[in-house]
Amino acid sequence: MPTIEQLDRRVTELETRVLGTHTATLRTDTVVIGNLLWHTATSRDRLKHKDAEAYCAALRTAGHADWRLPTIQELLSLVDYTRHDPAIDTDKFPDTQSNWYWSSSPDASSPADYAWFVYFNYGAAACGDRDGTAFVRAVRSVAPASEVKP
């Protein structure tokens, strides 16, 4: 199975062949950061936590069906504190709302009722009632190139 890096190189080769010297690029809806493949699109609507989990589980994109909500640590890794409104690299995540995004991480004090989320206006994290609503950004784990056998 090819690595994400190999697939990215292949897409770049195809873009070059198809587009030649034109400045346009093919739009992709995923980006690899570290060992994570992120879905760059945001959910269209704000969802309750259980619906956010279902949204990720139902997502079929980039040839994968194992999408999930990110942990709070994974989601916070996207925050760019040199940016504001939204506090994220908008070249990689162009439709990010300056709003709350769910994580899969439960709040330790009341895990059945509360989960962590990130406010991408300026990068704050907080716990919220799972019946509240927030946007969703899906993620999946990928094996590092060093662990993939040719």
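**Exercise 1. Where is the place of His49, and is His49 buried or exposed?**

Before the solution, two remarks on the model. The model is predicted, so that local features need pLDDT of at least 70 and side-chain atom pairs count only at pLDDT 80 or more, while totals for chains, interfaces and linings use all residues. Residues are numbered from 1 along each chain as its sequence is written, and side-chain values use heavy atoms, with hydrogens and water left out.

Solution. 
- Step 1: His49 lies in helix 2. Helices are DSSP runs of H or I with at least four residues, strands are runs of E with at least two, and both are numbered from the N terminus.
- Step 2: The relative accessible area of His49 is 1%, so His49 is buried. Buried means under 20% relative accessible area, exposed over 50%, and partly exposed in between (1.4 Å probe, protein chains only).
- Step 3: The side chain of His49 reaches the backbone oxygen of Ser103 at 2.9 Å.
- Step 4: Beyond neighbours within four places in sequence, the contacts of His49 (heavy atoms within 4.5 Å) include Leu69, Trp102 and Arg130.

**Exercise 2. Which residues of helix 2 are buried, and which are exposed on the other side?**

Solution. 
- Step 1: Helix 2 spans residues 49-58, and its buried residues are His49, Ala52 and Cys56.
- Step 2: These residues cover an arc of only 55° around the axis, so they are on the same side of helix 2. The arc is taken from the directions that run from the helix axis to the C-beta atoms.
- Step 3: Lys50 and Ala58 are exposed on the other side of helix 2.
- Step 4: Strand 3 and strand 4 are among the elements that cover the buried residues of helix 2.

**Exercise 3. With which side chain does the side chain of Arg140 make a polar contact?**

Solution. 
- Step 1: Arg140 is found in strand 6 (residues 139-141).
- Step 2: Arg140 counts as buried because its relative accessibility is 8%.
- Step 3: The partner is the side chain of Asp66, at 2.5 Å. A polar contact is a pair of N or O atoms within 3.5 Å; within protein, one must be able to donate a hydrogen and the other to accept it, and residues adjacent in sequence count only if both atoms are side-chain atoms.

**Exercise 4. How many residues has the largest nonpolar core?**

Solution. 
- Step 1: This core has 15 residues, and Trp38, Leu75 and Phe120 are among those with the most contacts inside it. A nonpolar core is a set of buried Ala, Val, Leu, Ile, Met, Phe, Trp, Tyr and Cys residues joined through side-chain atoms within 4.5 Å.
- Step 2: A second, separate core of 14 residues includes Cys56, Trp102, Phe117 and Ala134.
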